Amino acid sequence: RHFAVQGSWRERIYGDAEVVKMAECWPHLESVDLSYSSVTDLGLAQLAKCKNLTSLDLGATYGVEGKGMQAIWDSCVKLTSLNLQRCDWHWDASTATRDVDIYWG
């Protein structure tokens, strides 16, 4: 139910291909840590198929343009915790109407 990437800013070992496979193999994931990964909107769009997702850590990711995050927001209605710290991209959460802890920074 939980998946965490162990990497660093120097070694972005997980990208879209791995996230797509992860979402296909484990559709009931509840918690995913993709911090320091090279995931993009493509990978997040596939991860959005994991409808039981409650916690997502995207800290220090650099390949997202916003559409993938919107797919997560629209599809993963059980999401209660979202880490967007140290990201070089911005997602407009101004229309967010759910009670979700979003960590910026």
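## Start with the whole chain

Of the 105 residues in the protein chain, 41% are buried. Keep in mind as you click around that this is a predicted model. Trace the chain along its sequence and the order reads β-α-β-α-β-α-β-β.

The accessible area of the protein chain is about 5800 Å², and carbon and sulfur atoms hold 50% of it. If you like looking at contacts, take those with a separation of 6 or more: 57% of them join residues 24 or more positions apart.

## Next, the core

Hide the surface and select Val32, Leu34, Leu47, Leu53, Leu56, Leu58 and Ile72. These are the residues with the most contacts inside the largest nonpolar core, which has 24 residues. As background, nonpolar side chains in soluble globular proteins tend to be buried together.

## Look down H1

Stay with H1 and color Asp16, Val19, Val20, Met22 and Ala23: they are buried. Turn the view until you are looking along the axis of H1. The buried residues sit within an arc of 160°, so they line one face of the helix. A reminder on helix geometry: an α-helix has 3.6 residues a turn, so residues three or four places apart point the same way. Then pick Ala17 and Glu24, which are exposed on the other side of H1.

## Two loop stops

Most residues other than glycine have a negative phi. Go to Tyr36, in the loop between strand S2 (31-33) and H2. Tyr36 is not a glycine, yet its phi is positive, at about 65°.

Move on to Ala60, in the loop between strand S3 (55-57) and H3. Ala60 is not a glycine either, and its phi is also positive, at about 60°.

Ala60 is buried, because its relative accessible area is 1%.

Methods. Residues are numbered from 1 along each chain as its sequence is written. This is a predicted model: local features need pLDDT of at least 70, side-chain atom pairs count only at pLDDT 80 or more; totals for chains, interfaces and linings use all residues. Side-chain values use heavy atoms; hydrogens and water are left out. A nonpolar core is a set of buried Ala, Val, Leu, Ile, Met, Phe, Trp, Tyr and Cys residues joined through side-chain atoms within 4.5 Å. Buried means under 20% relative accessible area, exposed over 50%, partly exposed in between (1.4 Å probe, protein chains only). Helices (H or I, at least four residues) and strands (E, at least two) are DSSP runs, numbered from the N terminus. Contact means heavy atoms within 4.5 Å. Accessible areas come from the Shrake-Rupley method with a 1.4 Å probe; for residues, only the protein chains shown count as cover. The arc is that of the directions from the helix axis to the C-beta atoms.
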